Amino acid sequence: MKNLRIVIVIGMLFLFTNSYAQLKDMGPGKTKDEKKSAKTYLDLMVNMVSTNLNYGGANSIVADHKKSMNGIQAGASLQAGITPQFSLVTELYFIRKGGKLKTTNPLSGKESTLRLNTLELPVLARFHMGKFFLNAGPSIAYNLSGNKKINEVSTKLSFNNTSEGFKRFDAGIQLGGGIEFPFKQKRIALDIRYSYGLTNISYAKEIYNRILMISVLFSKAWKTNPLGKK
C-alpha cells in the first residue's frame with residue numbers, strides 16, 4: 001500500500017503540472033475555454049478495483065503481512081456539467097471490497113480473507129482544466145453482505161454489535177483525477193481515484209477500507225444540458 005500511495009501522489013502531481021501548464025499557455029485574452037460548453041454524460045461502469053484494509057493502531061505491525069485483493073465495481077456514473085470548468089459527478093455502484101492477511105500476521109497468526117458486498121454513492125466536484133480533470137468529494141456506502149475466510153473455512157459476516165460484528169454503514173472521501181479524449185462525437189475518459197474510508201466498519205476492532213479505482217468511460221454528451229451555464 002505504501003508503493004500504491006506513492007504512485008497515486010506522482011499521478012496527481014503529473015495532473016496538476018500538466019493542467020497548470022495548459023492554463024498558463026492560454027494566458028490573458030485567450031478564449032480557448034470560451035468556445036466550450038458545459039457537458040453532461042451518463043456512463044455505465046464495469047471495472048476491476050484494487051482493495052485493501054487498514055487496521056488503525058495495529059496497521060503498522062501488520063503492514064508487511066497484508067495483501068490487496070481485486071474486486072469488481074459495476075453501476076452508473078453521471079457527470080452533470082455546470083460550467084465548462086466545473087461539473088458535479090454522482091455515481092451509484094455495487095463494489096466488492098476487502099483484504100487479506102498472511103499466515104505470519106501478528107494479529108491472528110492465521111491466513112484470513114475479508115470480503116464485503118457494498119452499494120456505494122459518491123458525490124464529487126470535478127474541475128476541468130483542458131483535457132485534464134480533478135475529482136474530490138465524500139462517499140457513503142451500505143454493506144449488503146460479506147464473508148470471512150480463515151484457513152479455508154468461510155463464514156458469513158454478522159452485522160450486529162458483537163465481538164465479531166460489522167457495521168452496515170460506511171463513509172469516506174474520494175480523490176483523484178483523469179484525462180478526456182474526444183472520439184468522433186463521443187469522448188473517452190480515464191478516471192483514476194483513491195477511496196479513503198473514514199468509518200471503522202468493525203465493532204470490536206479497527207478496520208477501514210482503502211480502494212484504488214481505475215475507470216474507462218465512453219459515452220456521448222447529452223444534446224441538452226439541464227444544469228449547464230454559459
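Guide: Let's start with holes. On a 1 Å grid over the protein atoms alone, a pocket is an open set of points with protein on both sides within 12 Å along at least five of seven lines, while a cavity is a set where a 1.4 Å probe fits but cannot get out; lining residues have an atom within 4 Å of a point. Keep in mind that this is a predicted model, with pLDDT of at least 70 needed for local features and 80 or more for side-chain atom pairs, while totals for chains, interfaces and linings use all residues. Numbering starts from 1 along each chain as its sequence is written, and side-chain values use heavy atoms, leaving out hydrogens and water.

Visitor: Which residues lie nearest the centre of the second largest pocket?

Guide: Leu-101, Leu-107, Ser-112, Lys-148 and Lys-205 do, out of 20 lining residues. The volume is about 340 Å³, meaning the space filled by probe spheres set on the points, which are joined across faces, edges and corners. β4 (86-101), β5 (112-129) and β6 (132-150) each give at least two residues to this lining.

Visitor: How do you know what counts as a strand?

Guide: Strands are DSSP runs of E with at least two residues, helices are runs of H or I with at least four, and both are numbered from the N terminus. By that rule the protein has two helices and 10 strands.

Visitor: What makes Ile-95 buried?

Guide: Buried means under 20% relative accessible area, exposed over 50%, and partly exposed in between, using a 1.4 Å probe and protein chains only. Ile-95 has 0% relative accessibility, so it counts as buried. Ile-95 is in strand β4, and across the 230 residues of the protein, 42% count as buried.

Visitor: What does Ile-95 touch?

Guide: A contact means heavy atoms within 4.5 Å. Leaving out residues up to four places away in sequence, the partners of Ile-95 include Val-49, Ile-72, Leu-116 and Ile-211.

Visitor: What makes a group of residues a nonpolar core?

Guide: The members must be buried Ala, Val, Leu, Ile, Met, Phe, Trp, Tyr or Cys residues, joined through side-chain atoms within 4.5 Å. The largest such core here has 11 residues, among them Leu-53, Val-62, Phe-159 and Ile-207. A second, separate core of nine residues includes Tyr-93, Ile-95, Phe-133 and Ile-211. In soluble globular proteins, nonpolar side chains tend to be buried together.

Visitor: How many cavities of 30 Å³ or more are there?

Guide: One. The largest cavity has a volume of about 60 Å³, and its lining has 13 residues, with Lys-97, Glu-120, Asp-170, Ser-195 and Gly-197 nearest its centre. β6, β8 (169-183), β9 (186-197) and β10 (208-220) each supply at least two lining residues.

Visitor: Is Ser-139 buried or exposed?

Guide: Its relative accessible area is 4%, so Ser-139 is buried. Ser-139 lies in strand β6.

Visitor: Why is the pairing of Ser-139 with Glu-120 called a polar contact?

Guide: A polar contact is a pair of N or O atoms within 3.5 Å; within protein, one must be able to donate a hydrogen and the other to accept it, and residues adjacent in sequence count only if both atoms are side-chain atoms. The side chains of Ser-139 and Glu-120 make such a pair at 3.1 Å, so the name applies. Ser-139 also touches Asp-170 and Gly-172, among others.
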